[in-house]
Amino acid sequence: MGSTHRGRRRPLRSLFGVLAVATAIAASLLAPVRADAAGMTTHGWMAVEAIDEVTDPGLAALLRAHQEQVRAGAMFPDLGYFGSNTYGEEAHWQRFVDAYVDLITDRTDCGPDLADPNGPCADMIAHAFGIAGHGMGDEVWDWLFEPNSPDRDEYYTNGLPTATEGGAETQMDLVAVGVHGVPRPEIPPLPDVATLLQAFEDSGFSGVTPDQFSTVPFGGVVWDVETQWAAEHLAGVQAAMPWMSANLVTAPGGIDFAATAIAGYWDSMWGRLNGNQPTTEVSITHPAPGQEDVPATGWVRSYQPGSARGRGGAATRITAVLTYSRPYAPPGGSGVPATMAPGTMTITAVGSGEQLPIMSGFPRSVPYGGDAGQHLIDVQPATDLEACTWYEVAVGVTTPVLDARGLPVTPHTWTFRTACAPNQITGTVIAPDGVGLGGSFVLGYRPTDGFLPTTGALIEPDGTYALPDLPEGDYRLVFVPGAASGLRMQWSGNTASRSLATSTTVPGEAVVDFQAEASAVVSGKVTDSTGAPLADVTVYAVGPYDTWVPTEWRTTGADGTYSFPYLPAADYAIGFRRPADPTIHWWPSGTTRRSDATLVPVDVAHQPNVDFTFPS
Ligand SMILES: [Zn+2]
């Protein structure tokens, strides 16, 4: 917690008396000096995760060998806000990191190989890199992760000491220790206090005294306190902040994203340390390259860091992370604007090639003011985007983006697509007056489907239905009424069969409505030549589009009667077959050839009674 531009420090909250003295000290270390930022445990975690992502294997080996010094460095800047300490703010920034790195470079006692894990300056390098990891972690966390909190209305304070709605640091620290098992830090001694103090002097920040570092060893106690709090509050945090808790590692601005950003920063620092700082590059972006689910709407709003209520817009930020910062104010010098020149970051619709108008105030360095050197740059369109459309973001292509050395950042482009309309068919089945649709459903068949449909859904009590997440294809729908509804089955286009049904093509969204109609009924009685009722006779209703399988069939009861209550309107051949007799007799002619059968018109207006007597 705690990276910010000047003037945003918050007073430390008073200590709470229930905890032991060491615990109280640690807790006060956790007290937010500024609300919106990552917690100390999270900072240590991000930095350690970044070690595996650095390019130079020698640097990776050095940092791995001094992993706890990296972690301690990543916790160091926020300790500078404690009590009467003054160095917290400055320690977050590129200006200070450059001063620290340059002092190490200038030393003559660091041995021939700075990458030697056993070299005399190895722990100092690890500490400086850890500090840099903290600043970068705050930038990506504050700008990209925490705004999810207001977007999703996820907040938890509930008596959790030091937790506020303005930030998620304490809450997510509990997830870090309680869910992800982030280990207790073993804080090594500061590598070299004199060099550290000189670095503050060189970055133009005077007045830091050695006693300000007396809290550095308490990093382990911070973990102890958080672990204690997790026992009481972790379940509550997870319940109240489910998305934040579940996506802490993988979300933009979360642990993995921060680790990539930190590793890029370290690659640049490592070059500087060895007298050959590489060209500044884009290390990671939001949206991710090729991302296809970026919202098309919600872009026009104010963009601020942190999780305070009323902020947000996490998903609609176009951000690139640089491996070295934008220009910062020289020690003691005047400030630098956060706003960047027009053309330094552009957004182009890929299909039309048209460049989008940019929101006022953008492109700019984010999340805070420009003065101390930030690594995030951001551009926002002036209006919402088109759905299902590819956009290309360009950094430094038409107008260079300059880094803190005044050198151009390597031009960088990436594309993302806004979300397309979901593949779904929805609609309403309008019931005739007084007839409910309970138990009715809608099925969707593609041409390759056999008896089983691709999709289906129960109809809601209000008559609506939705067939979501459909595979692409042409869909013929059928409304299948519940057995007791008295309604007839109906295919899309108000047709009687699948082959006649109109089809609807997905991808995209479509609406298919049905006007439910009362079913046509055919009923009758089957007797033998003496007039006695015949049971167990199979009765077939064969529609005009049936080939081998009839539309329906029924069996007569003990009194010889049958009924087809749900026939679609059509002309039917009605056939009758006795058990153990393979011959079907077609009404009413008594013929045994279907082609000779007399057709029976059936619809709501014609609901015939079809009796049949078998010849003797
Ligand atoms: Zn911080």
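Visitor: Does α5 pass α9 in a right-handed or a left-handed crossing, and what does the contact look like?

Guide: Happy to take you there, with the reminder that this is a predicted model. The crossing of α5 past α9 is right-handed. Two packed helices are described by the angle between their axes and the distance between the axes. Here, helix α5 covers residues 94-106 and helix α9 covers residues 193-202; their axes come within 8 Å and cross at roughly 130 degrees. An angle over 145 degrees would count as roughly antiparallel and 65 to 115 as roughly perpendicular, so α5 and α9 are oblique to each other.

Now for the residues that meet. On the α5 side they are F96, A99, Y100 and L103, and their partners in α9 are T195, Q198, A199, F200 and D202. Sorted by class, this contact has 6 nonpolar, 2 polar and 1 charged residues.

Helix α8 is worth a glance too. It runs over residues 169-178 and is mostly covered, with 10 of its 10 residues buried. Among them are the charged E169 and D173, as well as M172, L174 and V175.

Stepping back, the protein chain holds 12 helices and 24 strands. Its radius of gyration is 36 Å, well over the 25 Å that the globule rule gives for 616 residues, so the chain is more spread out than a compact globule. The C-alpha trace spans about 120 × 60 × 45 Å along its principal axes, and 47% of the 616 residues count as buried.

Technical notes:
Residues are numbered from 1 along each chain as its sequence is written. This is a predicted model: local features need pLDDT of at least 70, side-chain atom pairs count only at pLDDT 80 or more; totals for chains, interfaces and linings use all residues. Helices (H or I, at least four residues) and strands (E, at least two) are DSSP runs, numbered from the N terminus. The radius of gyration is taken over C-alpha atoms; the globule rule is 2.2 Å times the number of residues to the power 0.38. A residue is buried if 20 or more other C-beta atoms lie within 10 Å of its own, exposed if 12 or fewer, and partly exposed in between; C-beta atoms are placed from the backbone. Axes are lines fitted to C-alpha atoms, for helices over the stretch in contact, and angles run from 0 to 180 degrees between N-to-C directions. Angles under 35 degrees count as roughly parallel, over 145 as roughly antiparallel, 65 to 115 as roughly perpendicular and the rest as oblique. A crossing is left-handed if the near helix is turned anticlockwise from the far one by less than a right angle, and right-handed if clockwise. Two residues are in contact if their C-beta atoms, placed from the backbone, lie within 7 Å.
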